[in-house]
Amino acid sequence: MKNIAQLILMLSIILLASCQQKKSDPASIIEQKVDSVLKLMTLEEKIGQMVLYTSDWDITGPTLKKGYLEDIKNGHCGNIFNAHTTAYVHKLQKIAVEESRLGIPLLFGYDVIHGHKTIFPISLGESASWDLVAIENGARVAAIEAAASGLNWTFAPMVDISVDPRWGRVSEGAGEDPFLGSRIAEARVRGFQGKDNNLADTLTLLACVKHFAAYGAPQAGRDYNTVDMSQRVFLDTYLPPYKAAIDAGAMSVMTSFNELDGVPASGSKYLLTDLLRGKLGFKGLVVTDHTSINEMVNHGVADNDAEAGLLAVKAGVDMDMQGEVFFKYLKKQVDDGLVEEKLIDEAVRRVLRVKFMLGLFDDPYKYCNEAREKQLVYAPEHLEAALDMAKKSMVLLKNNNNVLPLKKGEKIAVIGELAASTRDLLGSWKAAGDWDFMKSTLDELKLYNGEKNIFFAEGCKTIGNDRSGFTQAMATARKAEKIVLVIGENWDWSGEAASRTNIKIPGVQTELLEKLKALNKPIIVVLMNGRPLDLTRENELADALLETWYAGTMGGKAITQVLYGEYNPSGKLTMTFPMNVGQIPLYYNAKNTGRPIYLPNDKDKYKSKYIDSPNDPLFPFGYGLSYTTFAYSDIKLSSNELAAKGDLKATVRVTNTGKYDGEEVVQLYVRDLVGSVTRPVKELKGFEKIRLKAGESKVVTFTITPDMLAFHRLDMTYGTEPGDYKLFMGGNSRDVKEAGFKLK
Ligand code: GLC
């Protein structure tokens, strides 16, 4: 039995909507319904829709901070995050819908970043698959499981470009490149919101593009630190993935903690109104990051929370995550004439619009179907998708003498704490993932190769200086033909608030590798980490290096299948791996400078280089090996001139010259040789992942159009400039074939 409040609300929506004889297209109908609800709301109830509070989970299960239940009942809190399971969501929704005066349903948000229960590889790992279909499917699976668990909003995709592996949150993004980052942002929005952005579908989630903006460029790679960059770098490098996600239909955006050009994002009218809503045409809601309104006092742009709240609402913020600022101060500020109620109405309209689009007013309990939750969570096809993505995300960095793949029946010593870990496989932001549900890498290796052929020793912890396990590890290794050493970072060494000044493998893990090397047995190093690391020493010692990131619920099985060649690794790095931390920021799409070094051993002292290190990365952007090899023909161009309104075709023949079937990511880069401003030495403009049987060839064609060459020119207008260009194609950003053309 719906309560009286709900009936009043529904009747008024129907009555007002029907008497407003406007067009009946869905958008207009929603606007009419929004208006009809807004008219019924008190100022306090309006402000309640601008409030987002966290649920808490303690050992007894879901709990709400004291008072929040009252706030929901009084219409003072219209949105909750970190609450999930259909039972718990239903409980809270029931209070909002049946006990508050107007019965306005709650939004339920959660950080479903790379899976909800079935966890996929961390986002940086997923990006290394360069497989947009698989990436979209990963987000689709996450949305299905999250929506089936009562949620209707995810705080994803995180699309922050970053060129600094000291920053732990590179683990959540798609690497350093704006073109790839934009394509992946689009794929993730499609996955979360559904291909046609039908938010009313009970198995889609409202996506939330974050963190707006340029959060990935904190000075010194230190989380929450100052971001300061030219407008041109912001518009050409950092903005594109946010724009791509919004163009793909994302209906919420989260502001970032950082300042940009001296203004904290949550108080930036330029970012949230002029750029986001004005230039990008964003129609959804803007939510702040956790207490980022309050933090404007620390930033030094507001004397107190109330003043910070005024800055935020006037900048264009619609919802205050956990700051309790709007809740405490906004009503009085309206009463005192410091902010007009119509500004509040605009914010509340955007929140209500999303709730109508989700269908929450039609059926507030639509996400609370317990039977569907049981049926969809950990569905076999979801686990299969996670396994598929985990394998595709892995990057083979070295494979001397084809020590990989392993052969079944070989005696293998598996060494390292991470080999036996399941929690670390889930990485950071694991949402509702259960690590006791899954198997470790060691478990899977034993299942595959037989208990009697796998010998394990922890050797040492991932962190700390305890070497007491070395002896046992050496003894274990002596019994084996080959050694699989699993090393890296613990899951919480990347993600939020996990910046490092040193990006080497922590603890004494590399010392253990040094010791094992003395046994003169083939050593395969399996890496688990959430950021590019300085692997210079490990690369010298290991016979093979396999980057597996944090590979998720099915990660152990995926690592096993890759090590034994059940799957031929195809991943390519989406972030540069430097030789050392001193080179950072180091990225492929850099400028040439006035003193570039030309030869590998350019002896001229007065060049842009170091006296103590090469300039080159250890592993460049786009790099990744296979168990087979690929050869590239010279590039053929349909013309060496590109007309201002024309296009040209660039083709290359790729041949699988090895003995394994495999996949290759053919990459297309372009260079504008002379511009009104300096231009990068390469820019990714296309890629295609192809599958080739051993000995097979395929011609890959890219169509080049002038719009691909546009940038913010000297006068800050966006467009192209005629002149000479180079074009590159290859299996990474360094080893490429090149050709030239002229843009007319
Ligand atoms: C965190 C993160 C943000 C996340 C939010 C809610 O501080 O910065 O990415 O979505 O809080 O958990």
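1. Contact of α13 with α14. In this predicted model, D305, A306, E307, G309, L310, A312 and V313 of helix α13 meet V325, F326, Y329, L330 and Q333 of helix α14, where contact means heavy atoms within 4.5 Å. The residues of this contact divide into 8 nonpolar, 2 polar and 2 charged. Here Ala, Val, Leu, Ile, Met, Phe, Trp, Tyr, Cys and Pro count as nonpolar, Asp, Glu, Lys and Arg as charged, and the others, Gly among them, as polar.

2. Geometry of the pair. Helix α13 covers residues 305-315 and helix α14 residues 325-335; their axes come within 9 Å and cross at roughly 80 degrees. That makes α13 roughly perpendicular to α14 (65 to 115 degrees; under 35 is roughly parallel, over 145 roughly antiparallel, and the rest oblique). Axes are lines fitted to C-alpha atoms, for helices over the stretch in contact, with angles from 0 to 180 degrees between N-to-C directions. Helices (H or I, at least four residues) and strands (E, at least two) are DSSP runs numbered from the N terminus.

3. E324 is placed in the loop between β11 (320-321) and α14. Phi of E324 is near 55 degrees, a positive value in a residue other than glycine. Most residues other than glycine have a negative phi, and most peptide bonds are trans.

4. Cis peptide bonds. The bond from A156 to P157 is cis, with omega near 10 degrees; P157 sits in the loop between β5 (153-154) and α8 (178-193). The bond from K210 to H211 is also cis, with omega near -5 degrees, and H211 lies in strand β6 (residues 209-212).

5. Ligand shell. The ligand is surrounded by 13 residues, of which D111, R169, K210, H211 and D289 are the closest; a residue counts as near if one of its heavy atoms lies within 4 Å. The shell divides into 6 nonpolar, 2 polar and 5 charged residues.

6. A polar contact is a pair of N or O atoms within 3.5 Å. An oxygen atom of the ligand lies 2.8 Å from a polar side-chain atom of R169. For H211, the distance from a side-chain N or O atom to a ligand oxygen is 2.6 Å, and for a polar side-chain atom of D289 it is 2.6 Å. Taken alone the ligand exposes 310 Å², and the protein buries 93% of that (Shrake-Rupley method, 1.4 Å probe).

7. Basis. Residues are numbered from 1 along each chain as its sequence is written, and side-chain values use heavy atoms, with hydrogens and water left out. Local features need pLDDT of at least 70 and side-chain atom pairs count only at pLDDT 80 or more, while totals for chains, interfaces and linings use all residues.

Notes: A polar contact is a pair of N or O atoms within 3.5 Å; within protein, one must be able to donate a hydrogen and the other to accept it, and residues adjacent in sequence count only if both atoms are side-chain atoms.
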